[in-house]
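The stops below go one selection at a time.

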Amino acid sequence: MIKRITRHSYFHYSICLLLVSAFCVRAGAQTFAEPEQEQLLNGLKVVFWQRPGDPNVLVKLRINSGAAFDLAGKEGTMALLGDVLFPDPATREYVTEQLGGQLAVSTNYDGIDVLVSGKASEFERIVELLRSALVTTQLTPENVARVREARIKQLSEKPSAANIADRAIAARLFGNFPYGRSPGGSFESLSKIERADLMLARERFLTADNGTLVVIGGVAKPRVMRTLRQLIGPWQKSDRTVPATFRQPSPPDARVLVVNQSGATTAEVRLAIRGLARSDRDYAAMSILSRIMQARLQAALPEALPNSIMVRHDAHVLPGIFVFGARASAGGAPRIITAVRYVMNSLVSSQPSNTELETTRSEALSELTPQTERIADYWLDIETYKLPSLSTQITSIKSISAADVQHVAIRLFKDASMAAVAVGDAEQLKTSLGSSVELQNEKAVIKPAVDPVVPTKRP
C-alpha cells in the first residue's frame, strides 16, 4: 500500500513538473533579454547579446538620419546613399552563398538600416564587409549611376490605386514637410541627384556617432569588441549633429482631393490627421486606439470591399500620420468619410468597452515577438527614439486603461484638421461627393518621366 501511494506521488509530481516546464517555455516565448551596451571611441553605440551555442550571428546597423533630411526637389538622396553602400549585386550573393546569411539595406524617414547576417565563425568577414561600406564607400560615378538607374527602374511599374492613395494622402496632409514626400524619391527627383549630393550626405550623416550597431548571436563579447575596435574603429565621427527640426506644415485643404482614374469601378478613400511622435508618452495608448478604430470601422462599413479597411499610425522622430482607409464603389465614398468621422467622435465622447480594450491589448502584446531580427529592431528603436526598455514598454501596454485611450482620442481627434483623398473615376466621385472637391490627374501623383534626365557624370 505504501509503495502504491509512493508511485502515485511520483506520478503526480512528474505531471506537475511537466506542466510547470511547459508553462515556463510558453512564458519564455515572451521573455526578452536585456542587452549589454558599449561605445567605441568614435562614438558608435554597440548593443550586444551573446547566445552561446548559436551557430549564426546577426549584425544590424542603423544610421539615425533618413529620408526626412532629403533636400527639397532631391527626394531619394538618402535612399540612394543606402543603395550605394553595397552597389555590387555579387556582394549579396557572397553573403547568401558563402556566409549562409543575408544582406539587406532599407531607408525610411528616420534612418538607414543595414542588416548583415551569417555564420558566427565568419563574424570578422561580416564586419569587414560593413567596414568597406562605411569607411571606404564606393561613391564612384559608375556606382552612383548604377544605383540611380536601378531605383528609377523600380518606379517604372504602375502603382496600384491603394499606393496612389497612400502617396496622395501624405502629400495632402503634410504638403512640403518631409513626411509628405516619398522616402524612395520619384522619377523627377531621382533624376536630379548627382554624385556630389551623395558625397555631401555621406559627409553629414554617415558618421560613427550617428549610428547604433546591434550584434546578436553565438559570438563572445571579447571577440565582438576586439573585431569592432579593429575594423570599425577607424570610421570617423562627425563634429556636429544635424537635428531633425523642420518648419511645421500648414493645415490641410478641407476639400476632398479626387485623383482621377478614368474607368475605375471602385474608389480608394483615405482620411488622415497628424499623429504622434514615436517617443510620445501616449504612443502605447495610440497603438490600442488604432486597433479599436479598425474593429469599429469594420462593423460600420459592411459595404466596403473585403480586407480593404485599414487604420494605420506611422510614428517617426516627429509627429507622423494617423490614416484611415477603405475601398468601395464610387458611390460608397461619402459613406466611408462619414463612418470615419462617426467612429472618431464616438471615441472622443465615451471610453471604449472593457472587451474592446482587452481584445486589442492582447493583439498588441502578441505582436511583440522574440525573433532575432525583431529584437534588433526593438533595441535600435530604443536608441533612435530615446525610448524606455522593452520590458517597460510592455508594462506600459498592460497598464493602459479605457480612460487613457479616450484621453489620446480627445487629444488627436477633437477639432483635428483632416485631409481626405479619393482615387477613382472622377465623374462618378464628383457625383457622389458633391461640389466640394479638388480634381487632380493620376500622373500628378506618380509624376512619371518618359525619358529621365541622367545628370552628367562628374569625376
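Buried means under 20% relative accessible area, exposed over 50%, and partly exposed in between, using a 1.4 Å probe and protein chains only. The model is predicted, so local features need pLDDT of at least 70 and side-chain atom pairs count only at pLDDT 80 or more, while totals for chains, interfaces and linings use all residues. Residues are numbered from 1 along each chain as its sequence is written, and side-chain values use heavy atoms, with hydrogens and water left out.

Select Glu383 first. Glu383 sits in helix α13, residues 372–385; helices (H or I, at least four residues) and strands (E, at least two) are DSSP runs numbered from the N terminus. Because its relative accessibility is 13%, Glu383 counts as buried.

Next, go to Leu368, in the loop between α12 (354–366) and α13. Leu368 is buried, with a relative accessible area of 14%.

Finally, select helix α6, residues 161–174. The expected span of a helix is 1.5 Å times one less than its number of residues. For the 14 residues of α6 that gives 20 Å, which agrees with the 20 Å between its end C-alpha atoms. Buried residues in α6 include Ile164, Ala168, Arg172 and Phe174. Just after α6, Gly175 takes a positive phi of about 60°.
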